[in-house]
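Open the structure in your viewer and keep the selection panel at hand. The tour goes stop by stop.

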Amino acid sequence: MAITSRTIRIGEQSYPYSFGEDCLAEIAEGIAGMAADKLVFVTDDQVLSLYRTVIERLAGDTPSLTLTHRAGESMKTLACLSDHMEKALRSGMTRRSVVVAFGGGVPGNLAGLMANLLFRGVRLVHVPTTTIAAMDSVLSLKQAINSPVGKNHIGTYYAPTAVYADVRLFETLPEAELRSGFCEMAKNCLAIRPAAVAPLRAIIASGSLATPKALTWLLDASIDAKSSVTQDDTFERGTGLVLEYGHTAGHAIEICDHRVRGAAGITHGGAIAVGMLVAAHISHARGWLSDDEVSVHYDIVAGLGVEPWLPSTVRVADVLGVVEQDNKKGYLDARPGSVPFVLLRSLGRPAMTGTLPLVQVSVPEIREALEVIAQPSPAAPAVGIH
Ligand SMILES: NC(=O)c1ccc[n+]([C@@H]2O[C@H](COP(=O)([O-])OP(=O)(O)OC[C@H]3O[C@@H](n4cnc5c(N)ncnc54)[C@H](O)[C@@H]3O)[C@@H](O)[C@H]2O)c1
């Protein structure tokens with residue numbers, strides 16, 4: 001099938017993002033056209049067990065090395081990065097070699113850092129295999145790994161030479177992972193591209209989210225939404241902060257739930273979806289979002305298979321404790337008892353403080369919104385997975 005190519009512009013950087021259905025031959029051709037002396041694939045054990053032959057096909061006749069590790073966030077460490085770089089260098093990698101991230105956001109971040117550090121920068125290609133990676137992380141220059149102290153503490157900004165996605169690769173994703181990426185995409189529609197809300201709701205209503213046609217539309221819409229706020233904001237510290245919609249409460253909910261349920265807890269996307277409900281209730285209480293606009297949030301969150309309330313493992317007081325440590329605090333003047341939030345005045349229109357899409361929200365306002373979603377409402381649809 002034909003491959004669609006879009007140009008992603010982020011500040012001064014730009015790169016092609018080519019995607020389609022059953023387009024592995026075109027992807028292999030694109031990689032071969034880079035005339036690398038070696039391809040260094042970065043993946044994880046789970047992806048490798050599913051796609052070893054696809055990686056071999058993408059390598060073609062170019063000498064290659066495949067670096068892998070146990071799947072999951074535990075791979076994003078300095079030790080793993082260092083081990084990968086040493087293996088790449090010992091294998092004879094040069095400045096003409098290309099690092100190819102083949103997997104989700106975790107191998108993508110590791111590969112991004114590797115490509116940036118080795119020889120002070122070699123070419124990087126992303127072949128995302130999760131919806132989070134395809135619809136979110138490869139549309140950003142942020143590359144980071146975790147420190148023993150916290151998430152994404154060690155990082156940089158680095159642009160790929162190209163991104164290639166074949167939506168068929170998402171077919172093997174567990175449903176929760178598939179939907180996690182859709183939640184980030186839905187966030188972008190609500191906060192940035194309200195024109196995409198109606199088509200998204202139509203796709204949700206048709207129950208055909210995971211079809212190649214729907215996935216291709218979702219990818220295209222994600223590119224539109226995310227690029228529109230990052231094209232003039234390389235570092236995502238200005239207009240790009242709107243991408244944090246749902247993240248302040250969502251990230252706190254994710255942390256609290258994972259303290260109890262570990263990796264079996266709510267997905268990142270699911271937590272962001274519930275975080276958007278918190279933000280929507282705060283905006284509604286301020287008289288900004290209408291009843292209908294809050295309902296649209298609920299329809300989309302529930303339609304994406306996320307239970308629209310706090311997981312039963314999570315207490316309001318614990319969420320508040322984490323929210324108060326949120327890393328967006330440095331963006332606005334410190335105000336005791338308040339936390340900067342992305343709130344919407346209407347769909348697609350964030351509330352601003354100066355040039356930043358952030359406003360101070362008091363702890364009692366956050367508590368009130370959390371209490372609204374703390375218990376399953378009898379009217380809420382009984383759907384979903386956490
Ligand atoms: N750079 C950014 O701006 C940015 C944005 C969003 C997320 N991220 C990062 O991305 C990570 C989350 O991404 P993720 O959810 O893709 O994580 P991930 O890479 O760990 O993938 C999630 C799981 O899906 C499996 N998997 C991947 N592709 C598969 C496939 N096609 N079929 C079956 N299983 C498959 C993996 O083995 C893994 O177990 C986080 O570390 C986050 O910090 C970065």
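**Stop 1: the ligand shell.** Bear in mind that this is a predicted model.

Stop 2: Start with the side chain of D44. One of its N or O atoms is 2.9 Å from an oxygen atom of the ligand. Move to V106, where a polar backbone atom is 3.0 Å from a ligand oxygen. Then pick K142. Here a backbone N or O atom lies 2.8 Å from a nitrogen atom of the ligand. How much of the ligand's accessible area does the protein cover? The answer is 86% of the 860 Å² that the ligand has on its own.

**Stop 3: the helix pair.** Select helix 10 (residues 268-285) and helix 11 (residues 291-303). Their axes come within 10 Å and cross at roughly 175°. Helix 10 is therefore roughly antiparallel to helix 11. Show side chains at the contact. Helix 10 brings A273, M276, L277, A280, H281 and H284. Helix 11 brings D291, V294, H297, Y298 and V301. By class, this contact has 7 nonpolar, 3 polar and 1 charged residues.

Note on methods: Residues numbered from 1 in each chain as written. Predicted model: local features only at pLDDT ≥ 70, side-chain atom pairs only at ≥ 80, totals over all residues. Heavy atoms only, no water. Polar contact = N/O pair within 3.5 Å; in protein donor to acceptor, adjacent residues only side chain to side chain. Areas by Shrake-Rupley, 256 points an atom, 1.4 Å probe, with all protein chains shown as cover. Axes fitted to C-alpha atoms, helices over the stretch in contact; angles between N-to-C directions. Helix = DSSP H or I, 4+ residues; strand = E, 2+ residues; numbered from the N terminus. Parallel < 35°, antiparallel > 145°, perpendicular 65-115°, else oblique. Contact = heavy atoms within 4.5 Å. Nonpolar A, V, L, I, M, F, W, Y, C, P; charged D, E, K, R; others polar.
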